[in-house]
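Q: I would like to learn how to read the sheet and the charged side-chain pairs in a model. Please take me through them.

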Amino acid sequence: MLTYPIIGKIEATQTREGMPEFRVGDTVRVHYRIVEGEKERVQVFQGVVLKRHRAGVRSTFTVRKVSFNVGVERVFLVHTPRIEKVEVVSRGVVRRARLFYLRGLAGKAARVRDAKD
């Protein structure tokens with residue numbers, strides 16, 4: 001695979017600093033800026049991190065929550081300026097890199113075990 005140093009320099013200017021360390025299985029609260037017409041507001045999305053995709057500037061993470069008995073998943077770009085902040089609510093203990101099995105579970109079965117800090 002070819003690597004182009006100019007792309008690396010451009011991506012270095014786009015990266016975001018100050019993101020907390022979180023892993024798959026952690027419960028996070030993402031404060032996301034939403035533009036509706038002329039107005040701008042911050043929406044909080046709290047859920048379990050299902051997966052992380054680490055690819056430099058193109059890095060993403062997927063968060064899942066259950067809202068009114070409907071599972072909602074959202075993919076966030078790590079380095080987007082629309083994310084105001086990410087808070088780690090609790091650390092989870094999982095033995096997988098992808099938690100897609102949570103999609104088929106409901107209620108107490110869908111919980112992730114908390115880490116004993």
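Q: Is Glu84 buried, exposed or partly exposed, and what is its relative accessibility?

A: Buried means under 20% relative accessible area, exposed over 50%, and partly exposed in between (1.4 Å probe, protein chains only). Glu84 has 41% relative accessibility, so it counts as partly exposed. The model is predicted: local features need pLDDT of at least 70 and side-chain atom pairs count only at pLDDT 80 or more, while totals for chains, interfaces and linings use all residues. Residues are numbered from 1 along each chain as its sequence is written, and side-chain values use heavy atoms, with hydrogens and water left out.

Q: In what order do the strands form the sheet?

A: Strands of a sheet pair through backbone hydrogen bonds, either parallel or antiparallel. Strands here are DSSP runs (E, at least two residues), numbered from the N terminus, and two of them pair if DSSP finds at least two bridges between them. In this model five strands form an open sheet, ordered β4-β3-β2-β1-β5, with antiparallel pairing. β4 (70-77) and β5 (83-90) are the edge strands, each pairing on one side only. From one strand to the next the twist averages 40 degrees; axes are lines fitted to C-alpha atoms, and angles run from 0 to 180 degrees between N-to-C directions.

Q: How many bridges join β1 to β2?

A: Strand β1 (residues 27-36) and strand β2 (residues 39-53) run antiparallel and are joined by 10 bridges. Arg29 has Gln46 in β2 as its bridge partner.

Q: Which side chain meets Arg29 in a salt bridge?

A: Side chains of opposite charge can pair when their charged atoms come close. A salt bridge is a side-chain nitrogen of Lys or Arg within 4 Å of a carboxyl oxygen of Asp or Glu. The structure holds nine salt bridges. In one of them, Glu87 meets Arg29 at 3.3 Å, N to O. Glu87 lies in strand β5 and Arg29 in strand β1, so the pair ties together parts 58 residues apart in sequence. Glu87 is partly exposed at 25% relative accessible area, and Arg29 is partly exposed at 26%.

Q: Which salt bridge does Glu84 form?

A: Glu84 pairs with Arg33, with the closest N and O atoms 3.3 Å apart. This pair links distant parts of the chain, Glu84 in strand β5 and Arg33 in strand β1, 51 residues apart. Salt bridges that share partners also join Arg29, Lys85 and Glu87 into one network. Arg33 forms a salt bridge with Glu40 as well, the closest N and O atoms being 3.5 Å apart. Glu40 is exposed, at 53% relative accessible area, whereas Arg33 is partly exposed, at 23%.

Note on methods: Helices (H or I, at least four residues) and strands (E, at least two) are DSSP runs, numbered from the N terminus.
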